[in-house]
Amino acid sequence: MTGDARFTKEIQRRRTFAIISHPDAGKTTLTEKLLLYGGAIHLAGSVKARRAARHATSDWMEMEKERGISITSSVLQFDYSGFRINLLDTPGHQDFSEDTYRTLVAADSAVMLLDNRRGVEEQTRKLFAVCKLRRIPIFTFVNKVDRPGEDPLKLIDDVEKDLGIAVYPVTWPIVNSDGFVGVFDRSTGEVHLFERERDHGQRRVTDNVHGLYDEIVIDIMGESAHHQLLEQLELLDALGSSFDREAFARGEVSPAFFGSALTNFGVEPFLKSFLELAPAPTPRESSAGVVDPLSPDFSGFVFKIQANMDPKHRDRIAFVRICSGAYEAGMSVLNVRSGKEMRLTAPSQFMARERTLVEEAWAGDVVGIHDRGNLRIGDSLAEHGTAAFQGIPRFSPEHFARVSVPDPLRRKHLDTGLQQLSEEGAVQVFYEEGLTGPSPMVGAVGPLQFEVLLHRLEHEYNVVATLHPLSYHAARWIVGNDAAIDEVVRGYGRARVHDAKGAPLVLFPNEWSLRSAIEKAEGVTFHEVAP
Ligand code: G4P
């Protein structure tokens with residue numbers, strides 16, 4: 001194969017995606033089963049076991065151990081059926097969902113995982129909104145079908161109404177008097193009947209493929225359930241008999257799948273369709289126009305910075321999503337924001353938290369780059385030219401506190417710490433006046449972020465700070481003239497602050513006052529995502 005042919009093939013076989021869900025819908029379980037089917041692990045249960053083992057040995061952040069939650073995220077990479085899959089892992093705890101928001105910017109598609117009893121939940125809604133903002137294709141996987149749940153037709157209808165996206169079921173659950181036994185694949189017309197194993201889904205499940213009218217299918221289902229299935233399929237066809245791939249690519253229709261990550265039922269038909277439908281690395285907008293992933297020049301952006309993964313090395317790892325070209329160890333690139341050249345040294349790829357050095361990587365991949373504090377979230381890196389990718393959105397915080405240090409001589413250290421931690425995306429910092437004014441405020445999407453902040457200020461910046469919770473519960477970036485903004489603060493809000501970049505925000509005491517302001521205030525616009 002020529003160099004060019006290999007280059008194109010490598011990029012086109014990449015599929016980079018993330019799973020979005022409300023806690024407990026089964027993301028950890030599904031991730032593990034995708035790894036099982038992808039051959040990356042041989043026995044399911046090992047991810048959890050490894051996580052437990054890591055907790056016993058790693059002390060990079062005490063809190064992770066104490067609380068048994070995964071605060072940081074990484075990338076799981078595996079090969080399946082000729083594809084190279086990058087599953088961008090995101091924190092399970094919703095207090096760290098800002099991290100998930102940012103990770104979604106690095107994904108080319110997303111899988112929305114739903115619990116069959118709960119349908120769309122609060123966290124699903126927020127994460128879906130981020131996907132919608134980016135117009136990325138979204139798959140729907142309805143999980144836990146092994147136990148009775150909402151009627152599938154109603155569930156799909158609810159998703160459509162709640163999220164404003166059309167849903168096209170690709171697989172449909174087959175249920176008999178014993179429960180969930182298989183799925184009908186509308187794209188192939190095949191029935192997959194799964195065999196219940198006694199190993200709790202540790203291994204791949206036996207999948208017997210039949211035609212819809214095969215005797216064995218009618219025997220297993222029973223005539224009346226079979227008849228009901230035919231009726232449901234007719235109804236689905238009446239609602240829409242073909243899947244519109246272009247509308248899917250624009251994020252307007254979501255192909256839906258039913259299954260049970262726990263028992264593995266329906267996981268493989270989903271994975272196969274996913275690979276057929278999910279986009280290869282897509283072109284991305286930049287300040288220099290659209291960047292084609294097949295362009296030979298390396299480009300990418302930092303979507304996440306993680307400090308102290310390894311307690312022995314107190315440096316940071318910047319996670320870079322490659323947007324075009326190929327990465328080679330030691331290459332020189334330009335940091336477009338700072339105008340500085342930098343060498344991409346000793347990057348690593350991640351299987352959970354074990355690092356392996358990579359020599360090459362292509363558009364669609366994520367590489368971890370060693371950083372000594374030069375990189376920020378949203379920085380673009382370019383081998384040639386100065387293309388800057390669209391920034392990583394910052395979302396309006398929901399928790400606020402003032403940070404102070406008892407010793408005024410430590411204020412400078414506090415400011416440095418806050419600045420660096422906000423560049424890393426660990427917390428958002430707001431000021432009422434200039435840097436020298438009253439103690440700064442911090443804002444977070446989830447309160448656990450504050451605990452991480454205090455811990456890191458103390459251990460990394462030698463600043464023992466105190467947080468004073470503030471009674472604001474919503475914030476919006478606001479655009480308008482000064483007088484109009486002041487009017488909003490007087491009428492509905494509580495305070496006017498600005499972020500580290502100088503953009504003004506209004507802080508509101510509650511959702512109600514925020515809603516009133518949005519409805520009634522004149523001459524200003526409100527933004528949930530930093531403009
Ligand atoms: P999360 O990462 O989205 O938070 O969810 P996780 O995979 O940890 O799953 C949450 C719970 O749901 C777990 O039960 C898990 O076993 C269960 N679960 C996941 N997929 C399925 C499924 O397809 N069917 C059924 N019935 N349950 C499922 P748990 O009791 O909280 O934990 P565990 O003791 O089973 O580990």
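What share of the 531 residues in the protein is buried? Buried residues make up 55%. Keep in mind that this is a predicted model.

Let me start with the overall picture. The protein has 15 helices and 29 strands. Now take the contacts with a separation of 6 or more: 70% of them come from residues 24 or more positions apart.

Next, confidence. The average pLDDT is 85. At least 70 is reached by 86% of the residues. Over residues 52-73, pLDDT stays under 50. The model still has 53 contacts beyond four places in sequence for that stretch. Residues 351-355 also stay under 50. There the model has 24 such contacts, again beyond four places in sequence.

Now to the sheet. Which strands form it, and in what order? Eight strands form an open sheet, and the order is 25-22-24-23-27-28-26-29. The pairing is antiparallel. At the edges stand strand 25, residues 466-470, and strand 29, residues 524-527. Each has a single partner strand, so one side of each is left without a neighbour in the sheet. From one strand to the next, the twist averages 40°.

Let me zoom in on one pair. Strand 22 covers residues 399-404, and strand 24 covers residues 441-444. They run antiparallel and are joined by four bridges. His399 stands opposite Ala444 in strand 24.

What lies across this sheet's strands 26, 28 and 29? Helix 15 does, with residues 511-520. Its angle to strand 26 is about 20°. Strand 28, for reference, is residues 504-508.

Stay with strand 26, because there is a residue to look at: Arg476 sits in that strand, which spans residues 474-480. Is Arg476 buried or exposed? Its relative accessible area is 8%, which is under 20%, so Arg476 is buried. Its side chain makes a polar contact with the side chain of Ser396, at 3.2 Å. Now look at the contacts of Arg476, leaving aside neighbours within four places in sequence. Among them are Pro504, Leu505, Val506 and Phe508. Leu514 and Arg515 are also in contact with Arg476. One distance to note: Arg476 and Ala530 are 54 residues apart in sequence, yet 8.2 Å apart in space, C-alpha to C-alpha.

On to strand 1, residues 14-21. Thr16 is in this strand. At 1% relative accessibility, Thr16 counts as buried. What does the side chain of Thr16 reach? The backbone oxygen of Gly364, at 2.6 Å. Thr16 has other contacts too, beyond its neighbours within four places in sequence. They include Asn86, Leu88, Asp108, Ser109 and Arg321.

Follow the chain past strand 1. The loop between strand 1 and helix 2 holds Asp24. Asp24 has a positive phi of about 85°, although it is not a glycine. Is Asp24 buried or exposed? Exposed, at 69% relative accessibility.

Asn462 also has a positive phi, about 60°, and is not a glycine. Asn462 is in the loop between helix 13, residues 448-461, and strand 25. At 58% relative accessibility, Asn462 counts as exposed.

Now a helix pair. Helix 2 is residues 27-37, and helix 11 is residues 267-277. How are they packed? Their axes are 10 Å apart, at an angle of about 75°. That angle falls between 65 and 115 degrees, so helix 2 and helix 11 are roughly perpendicular to each other. Which residues meet here? From helix 2, Leu30, Lys33, Leu34 and Tyr37. From helix 11, Val267, Glu268, Phe270 and Leu271.

Where does it lie? Glu121 is in the loop between strand 4, residues 109-115, and helix 6, residues 122-134. Glu121 is in a loop, and at 13% relative accessibility it counts as buried. Not counting residues up to four places away in sequence, Glu121 touches His22 and Asp115.

To recap. Arg476 in strand 26 is buried, and so is Thr16. Asp24 and Asn462 are exposed. And treat residues 52-73 with care, as pLDDT stays under 50 there.

Terms used. Residues are numbered from 1 along each chain as its sequence is written. This is a predicted model: local features need pLDDT of at least 70, side-chain atom pairs count only at pLDDT 80 or more; totals for chains, interfaces and linings use all residues. Side-chain values use heavy atoms; hydrogens and water are left out. Helices (H or I, at least four residues) and strands (E, at least two) are DSSP runs, numbered from the N terminus. Buried means under 20% relative accessible area, exposed over 50%, partly exposed in between (1.4 Å probe, protein chains only). Contact means heavy atoms within 4.5 Å. A polar contact is a pair of N or O atoms within 3.5 Å; within protein, one must be able to donate a hydrogen and the other to accept it, and residues adjacent in sequence count only if both atoms are side-chain atoms. pLDDT is the predictor's confidence in each residue, from 0 to 100. Two strands pair if DSSP finds at least two bridges between them. Axes are lines fitted to C-alpha atoms, for helices over the stretch in contact, and angles run from 0 to 180 degrees between N-to-C directions. Angles under 35 degrees count as roughly parallel, over 145 as roughly antiparallel, 65 to 115 as roughly perpendicular and the rest as oblique.
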